[in-house]
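This report describes a structure for readers who are new to reading protein models. The sequence and the structure are shown first, and the description follows.

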Amino acid sequence: MSEVAVMHHAVEPAESPLTPESWGKLGMWIFLAADAMSFGSLIVGYGILRYASTKWPVPSEVLGINLTAFMTFLLICSSVTMVLSLSAISRGDMRGLKKFLGLTILGGLIFLGCQAYEWTHLITERLPEFGFSFSTHLFATTFFILTGFHGMHVTGGVIYNSAVLVACLRGRYGAKHVEIAGLYWHFVDLVWILIFTFVYLL
Amino acid sequence: MATTGAHAEPNYIAVFWWLLALTILEIAVIYMPFTRLVVVILLVGLALTKAMLVALYFMHLKFERLTLWIIALTPLILCVFLILMLTPDIFPS
């Protein structure tokens, strides 16, 4: 045991009492805090603009919530497969990791597909029906900025998770790295929970 | 507040069912004949509860030490400041 600890310190000599687990995890949390501020500013900005506007449509009527409810369900499922992939690799179960991390990546891809379909449908059919366009009303602007910023995070997450999966299968990454990737992926899920409520339901 | 890996694994599937139930509840709320204020309070409450479940169990915040809590809470506090600073723009005196 002490040998392991000594080895560990030899690899990361600057390990601090702040984060005995790993610097990577601390780094990811700091990044997520900064990212949360970006999303926070966009959501607060959206709220202020909406409150200050005299005319604002009922979002659920224009946007529809069936597809989005499914997308929410999908992201929650992919968060679950992400934690299952972490518990798989923690047990050294590489097949489980492959299955669950693969499903997580697939969930992200389906989410992006749904979003691409939703945007196309909104821009070409739904928004003109209600007298809006891609860029003429704050309703559309805030919607596309918020969901677009989130969609880019999902895209980043899919690429990140794929890279982690490949590195794990090659034996270069371990449970520690899957946990850090998981933190990012759950954060993306968490933000979608807020966007779903503030942009679609409220 | 043990180090990660030392804590017992939370029941992820139970958290999943909670998230699913709260999502269904949220969708049900917008079809209920409540006043706008009640709907807003319920939806914001439900969304924050779901976000907390994800952070506490999926992101393991429940099992982390104080440092990560401080990092995680910082953006929330700053967002409250942001709202307070922007409010005069909506209600000009």
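Of the 202 residues in chain A, 36% count as buried, meaning that 20 or more other C-beta atoms, placed from the backbone, lie within 10 Å of the residue's own. The model is predicted: local features need pLDDT of at least 70 and side-chain atom pairs pLDDT 80 or more, while totals for chains, interfaces and linings use all residues. Residues are numbered from 1 along each chain as its sequence is written, and chains are lettered from A in the order in which they are written.

Chain A has seven helices and zero strands; these are DSSP runs, of H or I over at least four residues for helices and of E over at least two for strands, numbered from the N terminus.

The contact between the chains takes 35 residues from chain A and 33 residues from chain B, where two residues are in contact if their C-beta atoms, placed from the backbone, lie within 7 Å.

In chain B, helix α2 (residues 36-58) has 23 residues. Its buried residues are B:Leu43, B:Ala47, B:Lys50, B:Val54, B:Tyr57 and B:Phe58. The buried residues of α2(B) pack against α4 and α7 of chain A, together with α1 (12-30) of chain B. After α2(B) comes B:His60, whose phi is positive, near 60 degrees.

Conventions
The expected span of a helix is 1.5 Å times one less than its number of residues. A residue is buried if 20 or more other C-beta atoms lie within 10 Å of its own, exposed if 12 or fewer, and partly exposed in between; C-beta atoms are placed from the backbone.
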